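Have the sequence and the 3D view open side by side.

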Amino acid sequence: MRKILVVGAGQSGLQLALGLQSHGYEITLMSNRTADEIRCGRVMSTQCMFHTALQHERDLQLGFWESQAPRVEGLGVSVAAPDSSRPVDWVGMLDGIAQSVDQRVKMAGWMETFAQRGGQLVIHGAAVSDLDYFSRAYDLVLVSAGKGELVAMFARDASRSPYGTPQRALSVAYVHGLGPRPEHPEFDAVRCNLVPGVGELFVMPTLTFTGRADILFWEGVPGGPVDVFEGIRDPGDHLSLTLELMERYTPWEYSRATKVELTDANATLAGRYTPTVRHPIGRLPGGGLVLGVADVVVANDPVTGQGSNSASKCAASYLESILAHGDREFDEAWMQATFDRHWESARHATKWTNAMLAPPPEHVLRMFGAASRLQPVADRFANGFDDPSDFENFFYDAERTDAYLAAVGESSAD
């Protein structure tokens with residue numbers, strides 16, 4: 001029986017550990033926190049997972065909360081004008097539902113499931129020196145812990161990392177009491193509110209341990225009027241500031257948020273990080289090699305909601321590569337090939353995310369405007385969140401965008 005160590009108990013690490021466990025591998029999972037510490041800790045993310053990523057969970061029979069979480073059927077885009085009106089406003093319909101489950105709920109539940117199924121769970125904040133020892137005791141060491149000194153083992157890939165500093169200041173609040181959307185209240189949708197030169201406000205339904213909730217998520221341009229959460233320690237002050245900015249820049253969202261309250265005392269989060277692609281193989285002082293997983297090696301800004309989706313896709317791709325490798329050595333060539341296989345998918349999410357961090361070019365603004373009157377355009381953009389590779393066909397190049405809009409316009413006129 002092959003022995004594999006997975007370091008890090010997030011979306012990718014737990015999904016991969018549970019997947020390998022189901023195929024009979026002897027898995028050790030290392031986490032710096034217990035399930036109870038995760039469950040009672042601070043919110044970790046703004047995850048909204050789309051069809052492909054959710055299907056990876058279903059394939060492993062890990063969709064424990066699917067019947068409880070809100071069913072997200074659409075994705076809306078609004079663009080704010082300087083006078084706080086919204087000249088652009090539409091909702092695209094998703095081909096498959098999306099869902100969000102508070103990672104405190106999911107990761108704690110998955111960790112307990114891993115242990116119940118006989119996996120070895122080690123609660124320890126791993127250091128490089130630990131991995132130096134473990135690399136000799138295991139057939140393969142996978143690093144999915146995306147913060148701390150372990151990440152420093154993986155060198156930045158400058159050719160794939162156009163940004164050298166954080167591109168957004170991030171601020172999250174989980175709330176109860178958000179009113180229904182005036183437009184299409186009959187189904188749940190994620191709302192993307194673009195405020196040119198200021199940032200973005202995302203509003204998404206989620207499931208937390210206190211039931212159904214909504215996430216209010218500001219992404220502020222660094223140094224701009226939304227980059228004001230650093231140093232805010234009191235959760236109530238954090239929420240008040242969130243709402244003040246909503247009232248100023250997205251009054252249509254604020255109008256349904258006047259009665260919200262935080263879901264719990266740990267329902268806020270603020271921070272920033274630099275979008276970075278790293279080389280996938282970490283070299284240990286003793287000569288051993290480890291393979292980076294998900295956002296350890298491909299960390300995108302959350303502006304396009306790809307984090308948990310990419311993590312799930314990475315775990316599924318790595319699982320297939322490990323199973324296909326059989327009893328052969330997990331050598332450097334295999335590690336590089338395993339990452340390269342995942343990168344064929346991940347590169348599309350990275351390219352799209354990096355593009356959305358820059359001011360939108362004129363042809364993208366034309367596309368956003370056209371989506372207000374051409375439902376197929378709205379639907380296609382919404383479904384790009386599930387399959388970012390499709391943006392190659394109509395998003396980046398002005399000629400392709402205009403040709404696509406012309407074709408849809410002619411079809412709609414028939």
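An axis here is a line fitted to C-alpha atoms, for helices over the stretch in contact, and angles run from 0 to 180 degrees between N-to-C directions. This is a predicted model: local features need pLDDT of at least 70, side-chain atom pairs count only at pLDDT 80 or more, and totals for chains, interfaces and linings use all residues. Residues are numbered from 1 along each chain as its sequence is written, and side-chain values use heavy atoms, with hydrogens and water left out.

Start with two helices. Helices (H or I, at least four residues) and strands (E, at least two) are DSSP runs, numbered from the N terminus. Find helix α8 (residues 307-325) and helix α9 (residues 332-357). Their axes come within 10 Å and cross at roughly 150°. The crossing of α8 and α9 is right-handed: the near helix is turned clockwise from the far one by less than a right angle.

Now the strands. Two strands pair if DSSP finds at least two bridges between them. Strand β15 (residues 289-292) is joined to strand β6 (residues 140-143) by 2 bridges, and these two run parallel. Strand β14 (residues 281-283) is joined to β15 by 3 bridges, and this pair runs antiparallel.

A cavity is a set of points on a 1 Å grid over the protein atoms alone, where a 1.4 Å probe fits but cannot get out; lining residues have an atom within 4 Å of a point. Grid points are joined across faces, edges and corners, and a volume is the space filled by probe spheres set on the points. How many cavities of 30 Å³ or more does the structure hold? It holds 3.

The largest cavity has a volume of about 120 Å³. Of its 14 lining residues, the closest to its centre are Leu 54, Glu 57, Gln 99, Val 101 and Lys 106. Helix α3 (residues 51-59) gives the largest share of this lining, 3 residues.

The second largest cavity contains about 60 Å³ of space. Its lining residues include Val 77, Cys 192 and Phe 202. β8 (188-195) and β9 (199-208) each supply at least two lining residues.

Technical notes
1 Å grid on protein atoms, 1.4 Å probe; cavity = no way out; pocket = protein on both sides within 12 Å on 5 of 7 lines; lining within 4 Å.
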